[in-house]
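This briefing covers a single structure, with notes grouped by topic.

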Amino acid sequence: MSEVSELPVLTPLAMTLEELPMSNSFAALPAAFYTRLKPQGLNAPRLVHANENAAALIGLAPEALRTQAFLDVFSGRAPLPGGDTLAAVYSGHQFGVWAGQLGDGRAHLLGEVDGPHGSWELQLKGAGMTPYSRMGDGRAVLRSSVREYLASEAMHGLGIPTTRALALVASDDPVYRETVETAAIVTRMSPSFVRFGSFEHWASRRQPEMLQTLADYVIDRFYPECRRPVAGESAAANAPLVRLLDAVMVRTARLMAQWQCVGFAHGVMNTDNMSILGLTLDYGPYGFMDGFRLDHVCNHSDSEGRYAWNRQPSVGLWNLYRLAGSFNSVVQDADALKAVLDRYEAVFSRAFHDGMAAKLGLERWLPDDEPLLDDLLRLMHEQRADFTLAFRRLSTAVRGDVQPFKDLFIDREAAGAWLQRLWRHHERAPREANLRAEAMDRVNPLYVLRNHLAELAIRAAAQGDASVIDELMQVLRDPFTERPEFVRYAGLPPDWANDLEVSCSS
């Protein structure tokens, strides 16, 4: 994980929805890739929150977020001017098992905006049934929508590639889950929502020409460098697809490393939830760890622990093998595809070690740093030390006060002994203490979206109060800077947080 610089100030253009420049590139693909249909709008919708930072990416002025036209479009009651609404088809492996055809079962792609900060597709999540809903109702509940709305902005604040969230709309329409809940729609933004499963779909149907069409679209739009020959590489017709796999592999490996470095567990890493752009996609039963466990499982539905925190890097590779397998229907050189995947471990390890070196205040990662990190994680695991605060308080220890770090451990003596080992590693590259500590604070967040914080926002929103969401958005946009007014968001979770569970229905 690299250091995250201060986010640039985005200057939105003075635009209304009608003035947004549209392109709709995915809608220009053959009709077999999607179904055109209208969303099923919410009854008596109300705007819970709108994200001015995300709006700036598409050139939408803040005042436009408070208009009736904005509410009508993002509650699914009116089309996006100039858009082309559709639901995409894809397939995939779910919990390691081939699930066959899937698709946007509760999502509607409204269109694509050519904004001042790139092109962004706008998608409603929870806007009703589509031909791909299977047994679902196509709706999303307020609970899960608040979690996704906050999570994507939290990840962006951490500098981790992610989809974004533009708006959160709620309604009193009933939705039936384990209990009766109320409906909501979150508007997601991404340069593309193409997934690994989008390619698996055409390979499973033995339609290589459609897979090639999709690959050409992705390469031309997002990976044009894959068209350029590499020195010493054969001029095979399918070389761009091999290069595409390599580019996706690198992005995925680095994404997995970034997740690990902040204690984030996605919860449901199915191939249909893996972005071809290496973005964090589809926030459901995710979780930022409180008390650390190597085998932490955030998804209550994951009874086998397939998507535990320590398994995420290997699952990322497993999913890439599924993507490579679909490419193999077009690329006959299986050895070339395998050679790409053989590099995954090295790419992941480099990114993870670089990230952890920065978190520990090391100038660079050396082989003998491995036991130091392993022993810290083992100590944290055995004593359930808080993941976020353990790393954050290392900078306090560097400044000379070791007690806050040691207080996170039952065995304070063991924690102190580990710190002595860290000091010896620091001595290899002497540096002024405050400078080292400041660098560590730039990569070790103080604020993350813990489950209990999301729960507080959910409870308030259910009562019509969006103030907790608004405040959390301010906190999570800059999670590295300590601010006294937000001290309540930086502490250990309350006891009642231990009873919170999230599942695939979240």
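Asp-282 is buried in this predicted model, because its relative accessible area of 10% falls under 20%. In the UniProt record, an unreviewed entry, Asp-282 and Asn-273 carry the feature "binding site". Of this set, Asn-273 is part of the lining of the second largest cavity.

**Annotated binding-site positions**

- Asp-282 is located in the loop between S11 and S12.
- The phi angle of Asp-282 is near 65°, which is a positive value in a residue other than glycine.
- Most residues other than glycine have a negative phi.
- Beyond residues up to four places away in sequence, Asp-282 touches Arg-188, Arg-195, His-266, Asp-272 and Asn-273.
- Asn-273 sits in the loop between strand S11 (264–265) and strand S12 (287–288).
- With a relative accessible area of 11%, Asn-273 is under the 20% limit and therefore counts as buried.
- The contacts of Asn-273, leaving aside neighbours within four places in sequence, are Arg-195, His-266, Val-268, Leu-281 and Asp-282.

**Packing of H5 and H6**

- Helix H5 (residues 208–222) packs with helix H6 (residues 239–261) at an angle of about 60°, and their axes are 11 Å apart.
- H5 is therefore oblique to H6.
- From H5, the residues making the contact are Gln-212, Ala-215, Val-218, Ile-219 and Phe-222.
- From H6, the contact is made by Pro-240, Leu-241, Leu-244 and Arg-251.
- H5 and H6 have a left-handed crossing.

**Packing of H11 and H13**

- Helix H11 (residues 387–398) and helix H13 (residues 412–426) cross at roughly 70°, and their axes come within 12 Å.
- This angle lies in the range of 65 to 115 degrees, so H11 is roughly perpendicular to H13.
- The crossing of H11 past H13 is right-handed.
- On the H11 side, Leu-394, Ala-397 and Val-398 take part in the meeting of the two helices.
- Their partners in H13 are Trp-418, Leu-419, Leu-422, Trp-423 and His-426.

**Met-380**

- Met-380 belongs to helix H10 (residues 369–383).
- The relative accessibility of Met-380 is 0%, so Met-380 counts as buried.
- Not counting residues up to four places away in sequence, Met-380 touches Phe-292, Ala-385, Asp-386, Phe-387, Ala-390, Phe-391 and Phe-409.
- A separation of 24 Å lies between the C-alpha atoms of Met-380 and Gly-316, which are 64 residues apart along the chain.

**His-108**

- His-108 is part of strand S6 (residues 107–115).
- His-108 is buried, and its relative accessible area is 0%.
- Apart from neighbours within four places in sequence, the contacts of His-108 include Leu-37, Lys-38, Pro-39, Thr-85 and Leu-86.
- Also among the contacts of His-108 are Leu-122, Gln-123, Leu-124, Ala-127, Gly-128, Met-129 and Thr-130.

**Arg-134**

- Arg-134 is placed in the loop between strand S7 (118–125) and strand S8 (140–141).
- The relative accessible area of Arg-134 is 53%, over the 50% limit, so Arg-134 is exposed.
- The phi of Arg-134, near 55°, is a positive value in a residue other than glycine.

Notes: Residues numbered from 1 in each chain as written. Predicted model: local features only at pLDDT ≥ 70, side-chain atom pairs only at ≥ 80, totals over all residues. Heavy atoms only, no water. UniProt positions renumbered as here; feature names shortened; annotations may be inferred. 1 Å grid on protein atoms, 1.4 Å probe; cavity = no way out; pocket = protein on both sides within 12 Å on 5 of 7 lines; lining within 4 Å. Helix = DSSP H or I, 4+ residues; strand = E, 2+ residues; numbered from the N terminus. Buried < 20%, exposed > 50% of the residue type's maximum accessible area, 1.4 Å probe, protein only. Contact = heavy atoms within 4.5 Å. Axes fitted to C-alpha atoms, helices over the stretch in contact; angles between N-to-C directions. Parallel < 35°, antiparallel > 145°, perpendicular 65-115°, else oblique. Left-handed = near helix turned anticlockwise from the far one by under 90°.
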